[in-house]
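Morning, everyone. I'd like to walk you through a structure today, so let me put it up on the screen.

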Amino acid sequence: MRKQIAAANWKMNNTLDEGTKLLNEIVSSDMQVNDNQSVIFAVPFPFLINANQQVSNKSNMFVAAQNCHNKTSGAFTGEVSVDMLASINIHYCVVGHSERREYFSESNQTLAEKVDRCLSKSITPIFCCGEPLAIREDDIQNDYVALQLKESLFHLDGEAIQKVVIAYEPIWAIGTGKTATAAQAQEMHAHIRTVLANQFGDAVAANISILYGGSVKGANANEIFSQPDVDGGLVGGASLIANEFIQIIKALK
Ligand code: PGA
(Lines give C-alpha, C1' and ligand atoms only; values in the text may rest on other atoms or scores of the structure.)
Protein backbone atom coordinates (compact mmCIF):
# COMPACT_ATOMS: atom_id res chain seq x y z
CA MET A 1 0.00 0.00 0.00
CA ARG A 2 1.47 3.32 -0.98
CA LYS A 3 1.82 5.96 1.72
CA GLN A 4 -0.02 9.25 1.90
CA ILE A 5 2.60 11.93 2.50
CA ALA A 6 2.68 15.57 3.56
CA ALA A 7 6.18 16.89 2.90
CA ALA A 8 7.27 20.36 3.95
CA ASN A 9 9.90 22.03 1.80
CA TRP A 10 11.32 24.91 3.82
CA LYS A 11 13.69 25.89 0.98
CA MET A 12 16.17 28.60 2.12
CA ASN A 13 13.97 29.92 4.91
CA ASN A 14 14.15 30.13 8.72
CA THR A 15 17.00 30.57 11.16
CA LEU A 16 17.68 27.77 13.63
CA ASP A 17 15.48 29.41 16.28
CA GLU A 18 12.65 30.05 13.85
CA GLY A 19 12.80 26.54 12.45
CA THR A 20 12.93 24.93 15.89
CA LYS A 21 9.86 26.92 16.98
CA LEU A 22 7.93 26.12 13.79
CA LEU A 23 8.67 22.42 13.99
CA ASN A 24 7.82 22.35 17.67
CA GLU A 25 4.43 23.94 17.04
CA ILE A 26 3.64 21.29 14.45
CA VAL A 27 4.90 18.20 16.28
CA SER A 28 3.29 19.22 19.57
CA SER A 29 -0.16 19.74 18.03
CA ASP A 30 -2.84 17.16 18.69
CA MET A 31 -3.06 15.70 15.18
CA GLN A 32 -2.81 12.00 14.53
CA VAL A 33 -0.46 10.72 11.83
CA ASN A 34 -1.63 7.20 10.97
CA ASP A 35 0.60 4.35 9.88
CA ASN A 36 -0.48 4.71 6.24
CA GLN A 37 0.70 8.33 6.36
CA SER A 38 4.08 10.06 6.66
CA VAL A 39 4.91 13.65 7.48
CA ILE A 40 8.31 14.78 6.23
CA PHE A 41 10.19 18.01 6.88
CA ALA A 42 12.79 18.96 4.27
CA VAL A 43 14.90 21.45 6.18
CA PRO A 44 18.17 23.24 5.34
CA PHE A 45 21.36 21.22 5.95
CA PRO A 46 22.43 23.02 9.16
CA PHE A 47 19.14 22.08 10.86
CA LEU A 48 18.98 18.39 9.96
CA ILE A 49 20.36 16.99 13.21
CA ASN A 50 18.22 19.22 15.43
CA ALA A 51 15.07 18.61 13.41
CA ASN A 52 15.67 14.86 13.52
CA GLN A 53 15.82 15.04 17.31
CA GLN A 54 12.59 17.01 17.39
CA VAL A 55 10.67 14.33 15.47
CA SER A 56 12.48 11.37 17.03
CA ASN A 57 9.69 10.34 19.38
CA LYS A 58 6.90 11.12 16.91
CA SER A 59 5.56 8.21 14.93
CA ASN A 60 5.46 8.54 11.16
CA MET A 61 7.33 11.86 11.13
CA PHE A 62 10.67 12.17 9.34
CA VAL A 63 13.26 14.71 8.27
CA ALA A 64 14.59 15.10 4.72
CA ALA A 65 17.52 16.85 3.13
CA GLN A 66 16.67 19.20 0.25
CA ASN A 67 19.51 18.01 -1.94
CA CYS A 68 22.57 15.78 -2.10
CA HIS A 69 25.53 15.47 -4.45
CA ASN A 70 25.60 12.98 -7.31
CA LYS A 71 29.10 11.69 -6.44
CA THR A 72 29.97 9.67 -3.36
CA SER A 73 32.74 11.93 -1.97
CA GLY A 74 35.69 14.03 -2.97
CA ALA A 75 36.76 17.52 -3.97
CA PHE A 76 33.34 19.16 -4.27
CA THR A 77 33.59 22.17 -1.97
CA GLY A 78 30.32 23.13 -0.37
CA GLU A 79 28.50 19.93 -1.30
CA VAL A 80 26.89 17.23 0.84
CA SER A 81 27.05 13.49 0.16
CA VAL A 82 24.50 10.79 0.88
CA ASP A 83 27.05 9.15 3.20
CA MET A 84 26.96 12.29 5.33
CA LEU A 85 23.17 12.25 5.37
CA ALA A 86 23.02 8.56 6.24
CA SER A 87 25.57 9.11 9.03
CA ILE A 88 23.14 11.48 10.77
CA ASN A 89 20.13 9.15 10.23
CA ILE A 90 18.43 11.03 7.44
CA HIS A 91 16.20 8.72 5.41
CA TYR A 92 14.67 11.07 2.83
CA CYS A 93 16.12 13.54 0.33
CA VAL A 94 14.43 15.83 -2.18
CA VAL A 95 16.00 15.28 -5.60
CA GLY A 96 15.59 17.44 -8.67
CA HIS A 97 13.40 20.22 -7.35
CA SER A 98 12.67 22.61 -10.21
CA GLU A 99 14.64 25.35 -8.45
CA ARG A 100 17.69 23.06 -8.46
CA ARG A 101 17.10 22.19 -12.09
CA GLU A 102 16.77 25.86 -13.05
CA TYR A 103 19.32 27.66 -10.85
CA PHE A 104 21.90 24.88 -10.53
CA SER A 105 21.52 23.34 -13.98
CA GLU A 106 20.66 19.86 -12.75
CA SER A 107 19.98 17.55 -15.67
CA ASN A 108 17.89 14.40 -15.82
CA GLN A 109 21.16 12.44 -16.08
CA THR A 110 22.68 14.02 -12.96
CA LEU A 111 19.43 13.36 -11.13
CA ALA A 112 19.57 9.68 -12.11
CA GLU A 113 22.92 9.54 -10.32
CA LYS A 114 21.50 11.30 -7.26
CA VAL A 115 18.65 8.80 -7.13
CA ASP A 116 21.20 5.97 -7.24
CA ARG A 117 23.34 7.53 -4.53
CA CYS A 118 20.29 7.92 -2.26
CA LEU A 119 19.06 4.37 -2.79
CA SER A 120 22.54 2.99 -2.13
CA LYS A 121 22.26 4.42 1.39
CA SER A 122 18.59 3.52 1.97
CA ILE A 123 17.58 7.15 1.59
CA THR A 124 14.21 7.61 -0.12
CA PRO A 125 14.53 10.12 -2.93
CA ILE A 126 11.56 12.47 -3.28
CA PHE A 127 12.00 12.88 -7.01
CA CYS A 128 10.51 16.08 -8.42
CA CYS A 129 9.23 16.47 -11.95
CA GLY A 130 7.00 19.00 -13.67
CA GLU A 131 6.71 21.28 -16.65
CA PRO A 132 7.28 25.01 -17.14
CA LEU A 133 4.44 27.25 -18.29
CA ALA A 134 5.48 27.32 -21.98
CA ILE A 135 5.29 23.52 -22.15
CA ARG A 136 1.81 23.53 -20.56
CA GLU A 137 0.68 26.22 -23.01
CA ASP A 138 1.84 24.02 -25.90
CA ASP A 139 -0.04 21.10 -24.31
CA ILE A 140 3.02 18.83 -24.41
CA GLN A 141 3.36 18.42 -20.62
CA ASN A 142 2.68 14.69 -20.69
CA ASP A 143 5.64 13.95 -22.94
CA TYR A 144 7.84 16.40 -21.04
CA VAL A 145 7.20 14.75 -17.67
CA ALA A 146 7.44 11.24 -19.14
CA LEU A 147 10.93 12.08 -20.43
CA GLN A 148 11.99 13.34 -16.98
CA LEU A 149 10.85 10.04 -15.48
CA LYS A 150 12.44 7.97 -18.22
CA GLU A 151 15.84 9.65 -18.08
CA SER A 152 16.12 9.74 -14.29
CA LEU A 153 14.26 6.62 -13.11
CA PHE A 154 13.88 4.00 -15.83
CA HIS A 155 17.31 2.47 -15.15
CA LEU A 156 15.94 1.21 -11.81
CA ASP A 157 14.41 -2.23 -11.38
CA GLY A 158 10.90 -2.91 -10.09
CA GLU A 159 12.05 -3.23 -6.51
CA ALA A 160 14.14 -0.05 -6.44
CA ILE A 161 11.50 2.18 -8.07
CA GLN A 162 9.10 1.39 -5.23
CA LYS A 163 11.57 3.05 -2.86
CA VAL A 164 11.17 6.35 -4.73
CA VAL A 165 8.53 8.97 -3.95
CA ILE A 166 7.54 11.14 -6.90
CA ALA A 167 6.47 14.76 -6.58
CA TYR A 168 4.72 16.33 -9.55
CA GLU A 169 5.22 20.08 -9.35
CA PRO A 170 4.11 22.16 -12.32
CA ILE A 171 6.59 25.04 -12.29
CA TRP A 172 3.90 27.59 -13.12
CA ALA A 173 2.18 26.71 -9.83
CA ILE A 174 5.20 26.91 -7.51
CA GLY A 175 5.13 29.90 -5.21
CA THR A 176 2.77 31.70 -7.58
CA GLY A 177 -0.47 31.15 -5.69
CA LYS A 178 -1.73 29.59 -8.92
CA THR A 179 -2.60 25.99 -8.09
CA ALA A 180 -3.30 23.37 -10.69
CA THR A 181 -6.96 22.45 -10.46
CA ALA A 182 -7.68 19.16 -8.75
CA ALA A 183 -8.65 17.80 -12.17
CA GLN A 184 -5.34 18.93 -13.73
CA ALA A 185 -3.41 17.34 -10.87
CA GLN A 186 -5.34 14.07 -11.15
CA GLU A 187 -4.87 13.98 -14.93
CA MET A 188 -1.09 14.30 -14.66
CA HIS A 189 -0.81 11.94 -11.70
CA ALA A 190 -2.78 9.29 -13.60
CA HIS A 191 -0.47 9.85 -16.58
CA ILE A 192 2.62 9.45 -14.38
CA ARG A 193 1.20 6.23 -12.93
CA THR A 194 0.52 4.92 -16.46
CA VAL A 195 4.08 5.78 -17.54
CA LEU A 196 5.39 3.90 -14.49
CA ALA A 197 3.02 0.98 -15.12
CA ASN A 198 4.18 0.65 -18.72
CA GLN A 199 7.78 0.37 -17.56
CA PHE A 200 7.47 -1.48 -14.25
CA GLY A 201 4.02 -3.12 -14.29
CA ASP A 202 0.67 -2.19 -12.74
CA ALA A 203 1.33 -3.63 -9.29
CA VAL A 204 4.59 -1.71 -8.92
CA ALA A 205 3.05 1.55 -10.18
CA ALA A 206 0.16 1.20 -7.74
CA ASN A 207 2.67 1.08 -4.90
CA ILE A 208 4.41 4.39 -5.67
CA SER A 209 3.37 7.55 -3.85
CA ILE A 210 2.91 10.52 -6.18
CA LEU A 211 2.72 13.90 -4.40
CA TYR A 212 1.39 17.13 -5.86
CA GLY A 213 3.31 20.36 -5.28
CA GLY A 214 2.57 23.96 -6.22
CA SER A 215 0.69 26.41 -3.98
CA VAL A 216 -0.87 23.74 -1.79
CA LYS A 217 -2.42 25.34 1.28
CA GLY A 218 -4.83 24.48 4.05
CA ALA A 219 -7.79 25.69 2.03
CA ASN A 220 -7.17 23.57 -1.11
CA ALA A 221 -5.41 20.48 0.29
CA ASN A 222 -8.60 18.48 0.85
CA GLU A 223 -9.79 18.81 -2.71
CA ILE A 224 -6.39 18.06 -4.25
CA PHE A 225 -5.53 15.14 -1.94
CA SER A 226 -8.94 13.55 -2.46
CA GLN A 227 -8.05 12.77 -6.08
CA PRO A 228 -7.44 9.03 -6.51
CA ASP A 229 -3.86 9.30 -7.84
CA VAL A 230 -2.75 12.15 -5.58
CA ASP A 231 -1.02 10.74 -2.51
CA GLY A 232 -0.38 13.97 -0.64
CA GLY A 233 1.72 17.05 -1.29
CA LEU A 234 5.13 18.68 -1.32
CA VAL A 235 4.50 22.06 0.24
CA GLY A 236 6.66 25.18 0.16
CA GLY A 237 5.19 28.48 1.37
CA ALA A 238 2.34 27.03 3.44
CA SER A 239 4.71 24.70 5.27
CA LEU A 240 6.31 27.73 6.93
CA ILE A 241 3.08 28.49 8.81
CA ALA A 242 2.33 25.92 11.53
CA ASN A 243 -1.47 26.05 11.33
CA GLU A 244 -1.47 25.87 7.55
CA PHE A 245 0.76 22.82 7.49
CA ILE A 246 -1.23 21.12 10.28
CA GLN A 247 -4.37 21.60 8.19
CA ILE A 248 -2.56 20.10 5.20
CA ILE A 249 -1.49 17.07 7.24
CA LYS A 250 -5.08 16.61 8.38
CA ALA A 251 -6.20 16.59 4.73
CA LEU A 252 -4.21 13.41 3.98
CA LYS A 253 -6.27 10.37 3.02
P1 PGA B 1 4.91 26.25 -2.97
O2 PGA B 1 6.24 25.40 -3.29
O3 PGA B 1 4.04 25.36 -2.11
O4 PGA B 1 5.39 27.47 -2.25
O5 PGA B 1 4.27 26.55 -4.27
C6 PGA B 1 6.18 24.04 -3.55
C7 PGA B 1 7.57 23.52 -3.81
O8 PGA B 1 8.35 24.22 -4.47
O9 PGA B 1 7.94 22.40 -3.38
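Predicted model: local features only at pLDDT ≥ 70, side-chain atom pairs only at ≥ 80, totals over all residues.

Let's start with helix H1, residues 16–27. That's 12 residues, and from the first C-alpha to the last it reaches 16 Å, close to the 16 Å expected at 1.5 Å a residue. Which residues of H1 are buried? They are Gly19, Leu22, Leu23, Ile26 and Val27. If you look down the axis of H1, those buried residues fall within an arc of 125 degrees, so they line one face of the helix. Turn to the face pointing away from the buried side and you find Asp17 and Lys21, which are exposed. As for what covers the buried residues of H1, the list includes strand S2 (37–42), helix H2 (48–55), strand S3 (61–65) and helix H12 (242–250).

Now for helix H5, residues 108–120. The buried residues here are Asn108, Leu111, Ala112, Lys114, Val115, Cys118 and Leu119. They cover an arc of only 160 degrees around the axis, which puts them on the same side of H5. Note that there's a lysine in that buried set, Lys114. The cover over the buried residues of H5 includes helices H3 (82–87), H4 (98–103), H7 (141–153) and H8 (158–161), along with strands S4 (92–95) and S5 (124–129).

On to the cores. The largest nonpolar core has 73 residues, and the members touching the most others are Phe41, Leu149, Ile166, Ile192 and Phe245. Helix H9, residues 182–200, gives the most to this core, with seven residues. Take phenylalanine 41 as an example: leaving aside neighbours within four places in sequence, its contacts include Trp10, Leu23, Ile26, Phe62 and Phe245.

What about the aromatics? Searching the whole structure gives four aromatic pairs. In one of them, tyrosine 168 and tyrosine 212, the ring centres are 6.4 Å apart and the planes sit at 55 degrees, so the pair is tilted. This pair links distant parts of the chain, with tyrosine 168 in strand S6 (residues 165–168) and tyrosine 212 in strand S7 (residues 210–213), 44 residues apart. Both of these tyrosines are buried. Another ring to look at is phenylalanine 104: arginine 100 lies over its face, at 3.9 Å from the ring centre.

Last, the backbone. Most residues other than glycine have a negative phi. Asparagine 60 isn't a glycine, yet its phi is positive, about 65 degrees. You'll find asparagine 60 in the loop between H2 and S3. Is asparagine 60 buried or exposed? Its relative accessibility is 14%, so asparagine 60 counts as buried. Aspartate 139, also not a glycine, has a positive phi of about 60 degrees, and lies in the loop between helix H6 (133–137) and H7. At 57% relative accessibility, though, aspartate 139 counts as exposed. Finally, back at H5, the helix is followed by serine 122, with a positive phi near 55 degrees.

That's my tour. Happy to take questions.

Notes. Residues numbered from 1 in each chain as written. Heavy atoms only, no water. Helix = DSSP H or I, 4+ residues; strand = E, 2+ residues; numbered from the N terminus. Expected span 1.5 Å × (residues − 1). Buried < 20%, exposed > 50% of the residue type's maximum accessible area, 1.4 Å probe, protein only. Arc of directions from axis to C-beta. Contact = heavy atoms within 4.5 Å. Phe/Tyr/Trp six-rings, centres within 6.5 Å; stacked < 30°, edge-to-face > 60°. Lys NZ or Arg CZ within 6 Å of the ring centre and 35° of its normal. Core = buried A, V, L, I, M, F, W, Y, C linked by side-chain atoms within 4.5 Å.
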